[in-house]
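This report describes a predicted model.

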Amino acid sequence: MSEVRTRFAPSPTGYLHIGGARTALFNWLFARHHRGKFILRIEDTDVARSRQEYLAAILDGLRWLGLDWDEGPYFQSQRMHLYREHGERLLREGKAYRCYCTPEELEERRQRALAEGGKPKYDGRCRERKDQPAGLPHAIRFRSRQAGVTIVDDLIKGRVTFDNEELDDLIILRSDDSPTYNFTVVVDDVLMGITHVIRGDDHLNNTPRQILLYEALGYPVPTFAHLPLILGQDRTRLSKRHGATSVTAYQEMGYLPHALVNYLARLGWSYGDQEIFSQRELIEKFSLDNVGKSAGVFNPEKLLWLDAHYIKERDPTEVAQMLIPFLRQSGVEAGVDDRLIKVVRTLQPRAKTLVEMAEAAEFYFREDIAYDEKGSRKFLRPELASFLVSLIEELAAREVFTEAELETLFHHLIAQKGLKLTQAAQGVRVAITGRTVSPGLFEVMEILGREQVIKRLERALAYIISESEGGAVP
């Protein structure tokens with residue numbers, strides 16, 4: 001096999017959609033598996049709808065997912081001369097012709113054909129026209145085959161046959177000289193040496209037209225693979241009504257790129273019963289032979305499960321680095337140091353997203369924590385006051401402030417005061433975290449440090465006293 005060259009060709013008319021990200025991933029994996037090249041092309045000929053913010057989001061999304069490209073990004077808006085040259089060539093060779101029909105005339109004929117039960121395709125009126133009125137606006141149409149069939153040997157769909165009589169003479173250059181999608185795709189894929197076109201199966205109907213263009217230009221036809229679409233859980237095409245659909249949204253919600261890549265890879269592709277894949281494993285095992293023919297159903301719960309797995313398994317230092325922007329969004333300024341890494345390690349077993357982890361981490365960094373209303377009412381009770389007094393005195397007097405030492409001290413004081421473990425532990429938990437659920441109590445205390453723990457216990461003691469006296473909460 002010659003060098004494999006794949007491409008991803010998004011339009012900057014919206015953010016990077018989950019479906020587009022999966023297409024990019026499959027192209028990237030196929031190229032990397034075969035030690036080929038992955039090319040990025042930006043199809044920005046729709047000037048009215050293309051925006052710089054969308055382009056930036058697409059590029060950032062690909063980088064975030066780890067999908068690096070070997071060439072590009074190429075911009076179609078900078079290649080207009082190439083499309084015009086190819087259009088003029090087809091015109092000279094008699095494989096295209098000038099069409100002088102106005103948009104109004106074309107629409108009138110289309111409506112008439114529909115009303116008469118016919119097909120609303122171009123009727124070929126200008127196909128054999130000999131006169132060429134000077135100065136009259138005109139488009140250039142491809143002279144499509146009118147008989148026979150065009151066959152697509154698709155790596156996923158199998159053999160698909162199209163009747164050529166169903167294909168009309170498509171416009172390749174509009175009257176304003178701008179090229180159309182099917183034409184630019186063919187010219188670009190040829191000039192960029194694309195060997196495999198891997199894309200969504202909503203493009204399948206474009207493929208016979210493109211094959212005829214390849215053949216008319218005398219270029220080799222690439223191999224096609226059309227991926228089934230991604231559906232929502234109601235089995236309709238994935239859209240905003242199903243929740244977040246852009247890569248940017250998942251990044252902002254605190255998902256790890258590794259989890260999203262793993263999930264998208266398994267959405268329509270499989271390798272036995274294996275669910276979890278490293279990037280290296282995906283590259284090694286990926287094959288279009290194992291891409292299913294049926295549409296994949298997007299399951300948010302499965303993605304969330306994967307994200308929790310990756311958060312739990314990643315190196316705490318790496319997770320800490322990714323967590324910092326989410327901490328800053330909640331007003332917490334932190335750097336990657338030993339303390340933050342310890343904080344992350346305590347939160348990894350339970351956190352499902354980085355947003356959730358950042359919220360769970362706030363009590364470590366806040367000077368004044370708010371008490372959970374039900375938790376404070378249930379556990380910060382007058383019978384805990386004597387225990388807190390003794391605990392504060394013991395903590396202030398001790399030189400060693402480690403998780404093990406704190407646990408030993410805690411159990412000693414519980415026995416001395418005749419308290420239940422749950423009552424004392426939950427009371428102290430609410431006192432130092434504000435919550436009834438947190439990481440291990442003694443590891444939290446060690447990370448907070450002696451001074452902060454004592455300060456929070458003293459505040460809780462004052463709270464208990466003021467509540468028992470009917471005073472205001474401090």
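## Overall form

The secondary structure of the protein in this predicted model consists of 19 helices and twelve strands. Its radius of gyration is 32 Å, well over the 23 Å that the globule rule gives for 474 residues, so the protein is more spread out than a compact globule. Along the principal axes, the C-alpha atoms fill a box of roughly 105 × 50 × 40 Å.

Of the contacts between residues at least 6 apart in sequence, 75% join residues that are at least 24 apart.

## Surface and charge

The protein exposes about 23,000 Å², of which 48% is supplied by carbon and sulfur atoms, while buried residues make up 49% of the 474 residues.

## Nonpolar cores

The largest nonpolar core holds 110 residues, and the members that touch the most other members are Phe-387, Leu-395, Ile-432 and Leu-457. Helix α1, which spans residues 18-33, gives the most to this core, contributing nine residues. A second, separate core of 29 residues has Val-160, Val-186, Tyr-214 and Phe-224 among its members.

For Leu-395, once neighbours within four places in sequence are left aside, the contacts are with Phe-401, Leu-406, Leu-409, Met-445, Arg-450, Val-453, Ile-454 and Leu-457.

## Backbone geometry

Most residues other than glycine have a negative phi, and most peptide bonds are trans. Against that background, the peptide bond from Gly-72 to Pro-73 is cis, with omega near 5 degrees, and Pro-73 itself is placed in strand β3, residues 71-75.

Asp-177, which is not a glycine, has a positive phi of about 80 degrees; this residue sits in the loop between β8 (171-173) and α5 (181-191) and is partly exposed, with a relative accessible area of 35%. Arg-235 likewise has a positive phi, near 65 degrees, in a residue other than glycine. The loop between β11 (230-231) and α7 (247-252) contains Arg-235, which is exposed, with a relative accessible area of 54%.

## A loop proline

Where does Pro-220 lie, and is Pro-220 buried or exposed? Pro-220 belongs to the loop between α6 (207-217) and β10 (223-227), and its relative accessible area of 67% is above the 50% cut-off, so Pro-220 counts as exposed. Although Pro-220 and Val-190 are 30 residues apart in sequence, their C-alpha atoms are 7.9 Å apart in space.

Technical notes: Residues numbered from 1 in each chain as written. Predicted model: local features only at pLDDT ≥ 70, side-chain atom pairs only at ≥ 80, totals over all residues. Heavy atoms only, no water. Helix = DSSP H or I, 4+ residues; strand = E, 2+ residues; numbered from the N terminus. Rg over C-alpha atoms; globule rule 2.2 N^0.38 Å. Buried < 20%, exposed > 50% of the residue type's maximum accessible area, 1.4 Å probe, protein only. Contact = heavy atoms within 4.5 Å. Areas by Shrake-Rupley, 256 points an atom, 1.4 Å probe, with all protein chains shown as cover. Core = buried A, V, L, I, M, F, W, Y, C linked by side-chain atoms within 4.5 Å.
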